[in-house]
Amino acid sequence: MTSPTPTPTPPSSGSGAAPGSAGASPSSSLSPLSTPVSTPPPGPLGPDAQTAMQAALVAEQAAVWAYALVAAHARDQSAMIADARSGHLLRRDATAARLTAAGASAPEPAAAYQVAVDVQDQNSAWQLAQDIESGVAAAWRVVIGSSDDAEVRGFALTGLSEAAVRLAMWKQIAGINPPTIAFPGQP
């Protein structure tokens, strides 16, 4: 059973030494893993990387929109759909911010998008979800190949990896074996 009163917390590093530390400086208690790491701000994008990242942003915007169609017919996977849509929302916003930080324009979302699957039932909804993730993975793969900048490539690799994981999850739901592919985003 827990106590109804809060447990006191140790003093912060700015309020003096913790009990029993007898003169230890606040920084001496930091482990190497807790040392703050400064990362340089994102730099400008080359023309190819900018175009590729703008296309990836459009793919993320389309994914956010298309998951509403998936949700309408795959109600048993509502939590998975919400997680996938949330992931695309976060990646969409991060991509728009990355483009803006580089001085590039971030395309606005369209009112609607064309999808390759006529969603009529749960199975076609699962197919659309797989198409969404394949398209997003392909867009991020292009970004990786468009730049030699480690920050840009890392940003794109994260987008590709997230899409690849979601693609594998949808393939597993649909009973496709194996659910993973060797090179996600490759035509």
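A crossing is left-handed if the near helix is turned anticlockwise from the far one by less than a right angle, and right-handed if clockwise. The model in these views is predicted: local features need pLDDT of at least 70, side-chain atom pairs count only at pLDDT 80 or more, and totals for chains, interfaces and linings use all residues. Residues are numbered from 1 along each chain as its sequence is written, and side-chain values use heavy atoms, with hydrogens and water left out.

View 1. Along the sequence the pattern reads α-α-α-α. Helices (H or I, at least four residues) and strands (E, at least two) are DSSP runs, numbered from the N terminus. The chain holds 187 residues, and 32% of them count as buried. Buried means under 20% relative accessible area, exposed over 50%, and partly exposed in between (1.4 Å probe, protein chains only). Take the contacts in the chain with a separation of 6 or more: residues 24 or more positions apart account for 75% of them. Contact means heavy atoms within 4.5 Å.

**View 2. Helix H2 passes H4 in a left-handed crossing.** The two helices pack at an angle of about 165°, with their axes 12 Å apart. Axes are lines fitted to C-alpha atoms, for helices over the stretch in contact, and angles run from 0 to 180 degrees between N-to-C directions. H2 and H4 are therefore roughly antiparallel to each other. Angles under 35 degrees count as roughly parallel, over 145 as roughly antiparallel, 65 to 115 as roughly perpendicular and the rest as oblique. On the H2 side, the residues that meet H4 include Ile81, Ala84, Gly87, Arg91 and Thr95. On the H4 side, they include Val152, Phe155, Gly159, Met169 and Trp170.

**View 3. Helix H1 (residues 47-73) meets helix H2 (residues 78-101).** Their axes come within 9 Å and cross at roughly 155°. That makes H1 roughly antiparallel to H2. The crossing of H1 and H2 is left-handed. From H1, the residues involved include Met53, Leu57, Val64, Tyr67 and Val70. Among their partners in H2 are Ile81, His88, Leu89, Arg91, Thr95 and Leu99.

**View 4. H1 also packs on H4, at an angle of about 25°.** The axes of these two helices are 12 Å apart. That makes H1 roughly parallel to H4. The H1 and H4 crossing is left-handed. Ala49, Met53, Tyr67 and Val70 of H1 make the contact with Val152, Phe155 and Trp170 of H4.

**View 5. Trp140 and Phe155 form an edge-to-face aromatic pair.** A search of the whole structure finds three aromatic pairs. In the Trp140 and Phe155 pair, the ring centres are 5.7 Å apart and the planes are at 70°. Rings of Phe, Tyr and Trp (its six-membered ring) pair if their centres lie within 6.5 Å; planes under 30 degrees apart count as stacked, over 60 as edge-to-face and the rest as tilted. Trp140 lies in helix H3 (residues 122-145) and Phe155 in helix H4 (residues 150-173), 15 residues apart. Trp140 is buried, with a relative accessible area of 0%. Phe155 is buried too, at 15%.

**View 6. The charged end of Arg91 sits over the ring of Phe155.** The distance to the centre of the Phe155 ring is 4.7 Å. Arg91 also lies over the face of Trp140, at 5.7 Å from the ring centre. A charge sits over a ring if NZ of Lys or CZ of Arg is within 6 Å of the ring centre and within 35 degrees of the ring normal.

**View 7. Thr95 of helix H2 is in contact with Met53, Leu57, Trp140 and Phe155.** That list leaves aside neighbours within four places in sequence. Thr95 counts as buried, at 0% relative accessibility. Thr95 and Phe155 are 60 residues apart in sequence, yet 8.7 Å apart in space, C-alpha to C-alpha.

**View 8. Val119 lies in the loop between H2 and H3.** Val119 counts as buried, at 12% relative accessibility. Leaving aside neighbours within four places in sequence, Val119 is in contact with Leu69, His73, Ser124, Ala125 and Leu128. Val119 and Val70 are 49 residues apart in sequence and 7.6 Å apart in space, C-alpha to C-alpha.

**View 9. A cis peptide bond joins Asn177 and Pro178.** Omega is about 0°. Pro178 lies in the segment after H4. Most peptide bonds are trans.
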